[in-house]
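This report is a plain description for a reader new to the structure. Please look over the sequence and the model first, then read on.

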Amino acid sequence: MKPIKLVISGIGPYGDRMPEIDFQSFDLNMPILIAGETGAGKTMIFDAICFALFDAASGSYRSTDSLRSEYAPPGTESYVEFTFAHQGRTYRIYRQPSYMRPLKRGTGFKLEKEKAVLYPGNDTPIEGIKAVNQAVQELLHVDEKQFKQLAMIAQGEFWGLLNAKTEERTGILRHIFMTEGYKAMELQLRERRGKAIKAADVLERSLIQYFCDAEAEPGSPLAEEISQLQEQLRKSGGIGSIEEMLSLLDRAIEADVPMEAELAEKLATLREALQELQKDLALAENTEHNLKKYNGLVKELAGLRERLADCEKREQQLAEAEKALQEKIRSLQSGREQLSSVPERLAACQQEINALRELADRLGSLQSQQVPRYGRAKKRLAELQEGLESAQSAHAAAMRARLDGEMQLERNRAGILAQKLVAGQPCPVCGATMHPSPAELPEKAVTEADVKKLQQQEKKAEAARSSAAAEAAAARAELATLDSQIGSYMLECLKSGCWLEAVARGEAFAMEIPAEAGLRQLYELVQLQAGQLAALLQKKRESAADLQGRAKRLQQVERELAEASGRDTEALQLKRQKLLKERENIRTAVADREGQRQLLEQLALKIGTGGSGGNSGNDGNDGNDGNGGSREAELAEYRGQLQRKISENKVQQQECQEALGRISRRRENNLSRRAKIAGLQGEFAAARHEAHIMSRLYNLVSGQTGKGKLTLEQYIQAAGFDSIIRAANRRLIPMSDGQYELYRQEKELGNKSHTYLDLEVLDNYTGRRRPVRNLSGGESFKASLSLALGLSDKVSSELGGISMDALFIDEGFGTLDKKSIEKAMEILLKLSDSNKLVAIISHREELIEAVSQQIQVTKTRNGSSLAIELGK
């Protein structure tokens with residue numbers, strides 16, 4: 001990788017877009033110096049390159065989220081654009097950090113997200129942070145940390161380059177010396193060894209499991225041999241001889257053949273004997289069944305005859321019940337005729353009760369509402385009349401007071417006029433301007449205001465009198481209306497009451513009511529009528545209660561008559577039909593059972609001592625008397641003997657069948673296991689051989705053949721690293737005046753293979769080796785620079801791996817004296833002769849004077865700026 005161009009905009013101390021740095025314009029035969037005062041932003045040029053390539057700054061103290069320049073104007077974008085050459089192709093990478101910028105319109109800020117684009121020549125650009133990072137690492141074959149070790153000696157980090165551990169250098173050297181194949185070979189051999197060992201182990205476990213499933217006749221010597229070998233295989237986990245396993249299985253299979261044939265013959269004999277026993281049992285059961293059936297028929301016939309007699313008895317009881325039901329129907333019909341007029345009488349009585357209740361309600365309303373209302377109206381009229389008289393008196397008094405006030409006012413007008421006279425002004429009556437003796441008001445003088453007040457009081461009294469007169473007139477009209485209404489209402493109630501009473505007595509209505517009767521007289525008649533009406537209403541209610549009882553009795557009689565004529569009659573008819581059907585069925589059953597009994601008698605069953613099966617008549621003999629019971633007992637005993645023999649035979653068959661199945665399954669199992677073991681024998685031998693070969697190869701490549709553990713890759717890397725150290729010593733020895741030489745640590749290799757790339761330094765002044773971490777700051781820089789140049793030489797000399805044509809050194813010269821600087825510059829000048837870009841960051845005057853081509857960084861209050869001097 002060789003830098004071509006670099007553009008920095010709005011990054012770090014650079015507030016604006018800086019002029020592009022064209023590295024091709026410099027003379028690569030000389031180093032480039034980046035100079036400026038402390039804090040100006042010299043290191044930011046390296047940070048920009050590292051950020052563009054790996055999205056990370058070159059120094060460990062700087063992070064990418066703080067790259068946005070605080071001096072950048074709102075419209076200035078923050079980004080880095082880096083162009084570089086690598087292996088004959090040109091690449092350009094654009095990377096923008098995330099930062100907040102002001103909105104173009106309005107107030108507030110907007111987040112600019114991180115961006116990255118890689119332009120690989122004329123190929124399609126690669127966009128996205130992850131995609132670009134991966135593409136750069138695949139292109140350069142190094143990550144950010146390895147890149148800094150190879151191409152950058154950053155400020156304060158040269159010590160890390162020198163003191164890197166074996167694990168850190170392994171990744172770099174793997175690409176430089178292209179040892180990935182050796183590592184891959186080791187991994188593949190380890191994987192193939194593991195697979196081969198696993199395959200052999202799986203096959204071995206399968207073979208052991210198959211043999212451990214083998215069986216032989218328990219208690220036999222062969223079973224003991226097989227069991228001993230199985231136990232030995234389980235404990236050891238390894239197979240000694242497959243041939244021995246196959247031989248034992250063959251012997252077990254051959255031993256089961258005669259035993260299986262003997263058991264099969266025995267089983268066939270038992271099955272034939274079982275068939276004969278089952279035939280004898282079927283005959284005995286059939287004979288016993290016929291005997292039981294005959295005895296059952298005899299018992300059943302006796303029961304049927306008893307049921308037939310019971311049917312005749314129930315038929316007689318049913319006839320008596322039908323006769324009693326007809327008598328009940330006639331009695332209910334007679335009672336219904338006697339009560340038939342009750343509903344009409346009850347309806348008429350209820351109408352009279354409703355009329356009486358309505359009249360009673362009207363009389364109650366008259367007494368509780370209308371008469372009190374009339375009294376209240378009469379009382380209110382009297383009160384209003386008194387108020388009217390009081391208002392009339394008040395009005396008359398107000399009118400007299402007003403007249404007296406007007407007369408007094410006329411008499412006091414001269415005194416009133418004199419109160420308004422003013423000295424020097426003419427009198428409105430005589431015109432004189434002098435008023436020696438004006439008139440005076442009396443002590444009780446009346447003014448015009450007093451008169452007006454009396455007039456207003458008179459008007460209020462007049463209005464109160466008019467209002468009282470109107471209310472009294474309205475009350476008189478209301479009382480007159482109530483008088484007429486209540487009188488008519490009481491006359492109507494009296495006439496209705498007299499008519500109802502006459503109807504109750506069965507007489508014609510005739511009642512005289514005085515034509516000139518007043519309200520009081522009418523009210524007394526009404527009270528008298530109310531008392532008589534209450535007695536009449538009580539009498540009617542008693543009659544209605546009696547009629548309601550009779551009506552309920554009529555309903556009950558009708559229900560009972562309906563049930564007796566319908567449901568009860570129908571039930572008796574159904575009982576008769578059912579009884580007739582039951583009697584017919586019993587007779588049919590008797591005939592059928594009798595025929596069956598006669599048929600069984602005709603069979604040659606020896607029941608009892610007779611030859612025809614006992615009694616053939618219908619005398620109720622159940623067949624269990626005499627020899628019938630003895631015959632049943634004999635048959636039962638014989639049947640039991642047969643069943644016991646059959647059970648014993650089945651048990652023997654079951655035992656024989658189980659033994660035969662056990663031997664057959666054992667022989668089939670042994671045959672199957674023998675076939676599987678024989679089938680895996682060749683595969684197992686091949687897997688063992690493969691595992692042995694792979695183990696030997698892996699042990700050789702992974703360095704496990706001797707005491708020291710050094711892999712093939714580590715051996716090649718160690719040899720290559722030795723060449724890098726030799727190249728580094730060509731710079732370090734003259735730079736240190738022959739005092740120091742670098743060496744790879746080789747002592748105590750043993751099991752510490754993780755230190756085979758660690759460094760130590762030989763002090764030629766003392767003749768002793770010591771760790772490189774014990775070097776001073778200036779000595780460490782010399783050693784780090786020498787190592788970096790050695791790495792660069794080795795990278796340039798290798799055909800594959802990493803190509804790195806640039807070296808950046810940041811402020812490491814600050815720890816060197818003038819003589820050491822001169823020697824370092826000589827080495828760097830020789831390095832530049834190889835067309836390698838060498839850039840140095842420093843503020844040392846010695847370097848500023850010695851290096852003509854420079855990038856000057858100037859620090860101002862508004863940020864830093866760049867200026868390029870190409871020199872002579």
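Which residue just after H14 takes a positive phi? Asp737 does, with a value of about 55 degrees.

## Basis of the report

This is a predicted model, in which local features need pLDDT of at least 70 and side-chain atom pairs count only at pLDDT 80 or more, while totals for chains, interfaces and linings use all residues. Residues are numbered from 1 along each chain as its sequence is written, and side-chain values use heavy atoms, with hydrogens and water left out.

## The protein as a whole

The secondary structure comes to 17 helices and 18 strands. Helices (H or I, at least four residues) and strands (E, at least two) are DSSP runs, numbered from the N terminus.

The protein has 872 residues, and 39% of them count as buried. Buried means under 20% relative accessible area, exposed means over 50%, and partly exposed lies in between (1.4 Å probe, protein chains only). The accessible surface comes to about 49300 Å², with 50% of it belonging to carbon and sulfur atoms; such areas come from the Shrake-Rupley method with a 1.4 Å probe, and for residues only the protein chains shown count as cover. Among contacts between residues at least 6 apart in sequence, 72% join residues at least 24 apart. Contact here means heavy atoms within 4.5 Å.

Helix H14 has 24 residues and spans 35 Å from its first C-alpha to its last, close to the 34 Å expected at 1.5 Å a residue. The expected span is 1.5 Å times one less than the number of residues. H14 also has a kink of about 30 degrees, centred on Asn729. The bend at a residue is the angle between axes fitted to the seven residues ending there and the seven starting there.

Asp737 lies in the loop between helix H14 (712-735) and strand E12 (740-744). Its phi is positive although Asp737 is not a glycine, and at 41% relative accessibility Asp737 counts as partly exposed. Gln87 also has a positive phi of about 55 degrees without being a glycine. Gln87 sits in the loop between strand E5 (79-86) and strand E6 (89-96), and is exposed, with a relative accessible area of 57%.

Side chains of opposite charge can pair when their charged atoms come close. A salt bridge is counted when a side-chain nitrogen of Lys or Arg is within 4 Å of a carboxyl oxygen of Asp or Glu. By this rule there are 29 salt bridges.

One of them joins Arg666 to Glu217, with the closest N and O atoms 2.7 Å apart. The two residues are 449 places apart: Arg666 belongs to helix H13 (residues 627-701), and Glu217 to the loop between helix H6 (180-212) and helix H7 (221-236). Arg666 is buried at 5% relative accessibility, whereas Glu217 is partly exposed at 30%. Another salt bridge joins Glu260 and Arg667 (2.8 Å, N to O). Glu260 counts as buried, at 15% relative accessibility.

Where do Glu563 and Arg567 lie in relation to each other? They are four residues apart in helix H12 (residues 519-602), which means that about one helical turn separates them. An α-helix has 3.6 residues a turn, so residues three or four places apart point the same way. The side chains of Glu563 and Arg567 form a salt bridge (3.6 Å, N to O). Glu563 is partly exposed, with a relative accessible area of 35%, while Arg567 is exposed, at 54%.

A network of salt bridges links Arg307, Asp310, Arg314 and Glu582.

## Other positions in helix H13

Asn649 lies in helix H13 and is buried, at 6% relative accessibility. Its side chain reaches the backbone oxygen of Leu270 at 3.0 Å. Leaving aside residues up to four places away in sequence, Asn649 touches Leu270, Ala273 and Leu274.

Leu671 is also in helix H13 and is partly exposed, at 35% relative accessibility. The C-alpha atoms of Leu671 and Asp250 are separated by 8.2 Å, although the two residues are 421 apart along the chain.

Technical notes:
Polar contact = N/O pair within 3.5 Å; in protein donor to acceptor, adjacent residues only side chain to side chain.
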